[in-house]
Amino acid sequence: MSLLGTPGWPVVLADGPVVLRPYKRGDAVAWSEVRRANQSWLAPWETAPAGGWDQLNSPVAFRYVHRDQRRSARRGESMPFAVCLREHGRERLVGHINLGNIVRRAFCSAYVGYWIDARVAGRGLMPTALALVTDHAFGPGGLHRIEVNIRPENGPSRRVVEKLGFREEAYHPRYMHIDGAWRDHIGYAMTSEEVAAEGGLLARWHRLRTVAS
């Protein structure tokens, strides 16, 4: 177990140009730029406290986001990652993925949430990030089940889990208050046994991309 109290955390995960790492204080400006540039892309799918988008996604706001992430990770409740793209000799923050609501003992499960910069969407970055996180959760993270809940209207987010073979297993009416109303969600899930024989979810994703190309 790590010093922060979560098995397998902190850690840096990478595959090709995709790098997942813990957030740093120095990410404030980059995080704010990406969030502010993607208001129309992200705001309809997120639950946010009262306040304007620019204010809630400012470099100052990041300090509180980062503080809350660290506290949650220390308690063993989450594993938050900055999604970074490494290209042209540099690395830049382009998204976020989090293993949250981690429950141990007989359940050993977590929920995953994620978002990606619209300017790099459609390049396979988020499926790669989700595959990396899932394999880490099933391995060093000591988890057995991963769940992802997505609004039916959110086609891009649904395509991520469907590409990777997550099972659609539930429909949750009025599941979460988002964008001013209680919104239905579709529940997707995967257990460790479902990808063990394939060498993990990342290996499955690589094979699927090879076939598709």
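Mentor: We shall go from the overall fold to the core and then to some backbone details.

Mentor: This is a predicted model, in which local features need pLDDT of at least 70 and side-chain atom pairs count only at pLDDT 80 or more, while totals for chains, interfaces and linings use all residues. Residues are numbered from 1 along each chain as its sequence is written, and side-chain values use heavy atoms, with hydrogens and water left out.

Trainee: How many helices and strands does the protein have?
Mentor: The protein has 8 helices and 8 strands; these are DSSP runs numbered from the N terminus, with helices being H or I of at least four residues and strands E of at least two.

Trainee: Why is the protein called as compact as a globular protein of its length?
Mentor: The radius of gyration is 17 Å, close to the 17 Å that the globule rule gives for 213 residues, so the protein is as compact as a globular protein of that length. The radius is taken over C-alpha atoms, and the rule is 2.2 Å times the number of residues to the power 0.38.

Trainee: What share of the residues counts as buried?
Mentor: Of the 213 residues, 46% count as buried. Buried means under 20% relative accessible area, exposed over 50% and partly exposed in between, with a 1.4 Å probe and protein chains only.

Trainee: Which residues touch the most other members of the largest nonpolar core?
Mentor: Among them are Leu20, Ile97 and Phe166, in a core of 42 residues. Helix α5 (residues 125-138) gives the most to this core, with 9 residues. A nonpolar core is a set of buried Ala, Val, Leu, Ile, Met, Phe, Trp, Tyr and Cys residues joined through side-chain atoms within 4.5 Å.

Trainee: And what does Leu20 touch?
Mentor: Leaving aside residues up to four places away in sequence, its contacts (heavy atoms within 4.5 Å) include Val11, Phe81, Ile97 and Val133. A second, separate core has 12 residues, including Val19 and Trp115.

Trainee: Changing topic, which peptide bond is cis?
Mentor: The bond from Trp9 to Pro10 is cis, with omega near 0 degrees. Pro10 lies in the segment before β1 (13-15). Most peptide bonds are trans, and most residues other than glycine have a negative phi.

Trainee: Where is Arg105, and is Arg105 buried or exposed?
Mentor: Arg105 sits in the loop between β4 (90-103) and β5 (109-116), and is exposed at 78% relative accessibility. Its phi is positive, about 60 degrees.

Trainee: What about the phi of Arg174?
Mentor: Arg174 has a positive phi near 45 degrees and lies in strand β7 (residues 167-178).
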